[in-house]
Amino acid sequence: MRGVERMPKLQGFEFWSRTLGGARHVVAPMVDQSELAWRLLSRRHGAQLCYTPMLHAQVFVRDANYRKENLYCEVCPEDRPLIVQFCANDPEVFVQAALLAQDYCDAVDLNLGCPQMIAKRGHYGAFLQEEWDLLQRMILLAHERLSVPVTCKIRVFPEIDKTVRYAQMLEKAGCQLLTVHGRTKEQKGPMAGTASWEHIKAVRKAVGIPVFANGNIQCLQDVERCIQDTGVQGVMSAEGNLHNPALFEGRSPAVWELAEEYLDIVQQHPCPLSYVRAHLFKLWHHTLQVHQQLREDLAKVKTLEGVAAVNQALKLRCQEDMSRQQEGVKPAGNLPAFHWICQPYIRPGPREGSKENSGGRSKRALEEEEGSMEGLSKNKLKKQLRNPHKTFDPSLKPKYAKCDQCGNPKGNRCVFNLCRGCCKKRAFRETADCPGHGLLFKTKLEKSLAWKETQPALQEPQQVRPGTPGGFSEVMGSALA
């Protein structure tokens with residue numbers, strides 16, 4: 001906690017066993033999903049270590065509100081041990097962010113596993129996995145300057161031997177704990193497939209630091225089997241935890257029970273309603289396939305009280321279904337349990353027909369092609385209802401030119417071909433104008449100098465002592481006369 005003098009920094013297995021309490025059940029960092037309220041719910045049901053959502057190091061350094069909203073909001077002793085995760089691609093920025101966070105956590109993690117398009121555009125996450133020199137500098141600098149250990153979360157390469165060398169490089173640079181997601185950066189969404197525990201096992205054997213496994217974890221039996229098969233120290237769950245926060249307890253409660261408990265925690269530790277809604281869509285996934293009107297109700301609700309009312313309605317519907325359930329009848333849709341029970345969601349793989357007909361085209365290309373036809377997805381139909389002029393034709397989407405410095409969209413009329421942020425820095429440094437961004441540093445300076453020239457020279461005030469001619473006494477005397 002902030003203000004408490006720290007013990008000497010522990011490393012490797014000593015850090016895992018003493019600081020993290022030998023944690024074996026770990027909740028993954030999830031953007032907008034592993035917020036404080038969800039972490040506390042998960043800890044009540046068997047989670048021994050939690051990560052914050054991935055935080056953007058550069059934004060964390062420059063934006064005090066971002067720090068307050070994501071980490072500084074309140075001191076919560078129950079939310080420990082805690083690891084704060086950052087995405088970054090600059091050693092100094094990463095360390096600056098970590099220094100600001102280290103008093104609020106037990107370790108700082110570098111995200112090297114995010115495979116999403118936003119990570120590719122921002123040049124972080126799994127898209128840094130080929131830049132070993134940069135990663136060595138980032139980890140080494142953090143290891144030298146932080147008072148807490150630095151850890152990493154990675155994805156694997158297709159080749160086991162390259163994955164092992166990658167892990168060893170991170171360990172040598174100063175990484176004290178490694179989480180290995182057994183999928184490549186190309187394995188995501190419908191193309192996720194199965195995570196390779198063979199890769200994880202090989203890494204575990206090759207390094208001398210604790211290793212957590214991530215991937216293929218849907219129930220407590222998977223956790224135990226993974227530890228036995230790979231020899232890892234702990235197992236991290238993301239999707240499995242979202243669909244059943246009691247996964248690490250080995251329980252599968254009714255979906256409305258965990259929803260009620262989560263909503264009670266949110267009352268004490270508020271978070272954006274969008275986070276709450278996203279959690280309940282996951283938690284209620286199978287029930288919402290049966291009672292689809294509740295999906296619409298949850299999507300429209302605007303308050304926490306409204307969400308609680310939808311949960312109550314869902315509870316009544318489920319109890320009615322339970323009362324009508326005949327003995328010996330199996331759950332519909334090949335589910336392992338009835339829809340009102342917390343259970344994993346098995347993500348469907350790509351359809352074989354689509355694969356054959358697509359000629360190897362990407363998922364996005366197929367989606368865009370489908371979007372240009374009459375049969376739009378439910379999501380796109382909703383968007384079109386809100387905005388009748390919206391089009392999903394990829395040929396009509398605007399193409400943005402990139403900033404020469406940071407890769408963000410540049411200003412169309414910027415004289416430097418930069419985004420506004422980069423343009424402002426350059427224009428200030430060079431005392432230049434950019435009419436396109438409304439930045440007039442040069443013009444304002446010239447006006448200021450011209451104004452000064454038109455002003456009469458100001459006389460320096462004479463400094464006189466009281467009691468001397470022209471001083472305070474003489475002035476007061478003449479004033480009284």
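**Tour of the aromatic pairs and nonpolar cores**

The count of aromatic pairs comes to 10 in this predicted model.

Start by selecting Phe60 and Tyr72. Their ring centres are 6.1 Å apart and the planes stand at 80 degrees, so this pair is edge-to-face; the cut-off for that class is over 60 degrees. Next, colour the two helices involved. Phe60 belongs to helix 3 (residues 57-62) and Tyr72 to helix 4 (residues 64-72), so the contact ties together parts 12 residues apart in sequence.

Tyr72, at 24%, counts as partly exposed, because buried requires a value under 20%.

Move to Phe157 and Tyr166. This aromatic pair is also edge-to-face, with 5.2 Å from centre to centre and 75 degrees between the planes. Phe157 is buried, with a relative accessible area of 3%, and Tyr166 is buried at 0%.

Keep Phe86 selected and go on to the nonpolar cores. The largest core holds 113 residues, and Phe86, Leu170, Leu178 and Trp284 have the most contacts inside it. Then select helix 12 (residues 255-268), which supplies the largest share of this core, eight residues.

For the last stop, select Phe416, Cys423, Ala427 and Cys434. They are among the 11 residues of a second, separate core.

Technical notes
Residues numbered from 1 in each chain as written. Predicted model: local features only at pLDDT ≥ 70, side-chain atom pairs only at ≥ 80, totals over all residues. Heavy atoms only, no water. Phe/Tyr/Trp six-rings, centres within 6.5 Å; stacked < 30°, edge-to-face > 60°. Helix = DSSP H or I, 4+ residues; strand = E, 2+ residues; numbered from the N terminus. Buried < 20%, exposed > 50% of the residue type's maximum accessible area, 1.4 Å probe, protein only. Core = buried A, V, L, I, M, F, W, Y, C linked by side-chain atoms within 4.5 Å.
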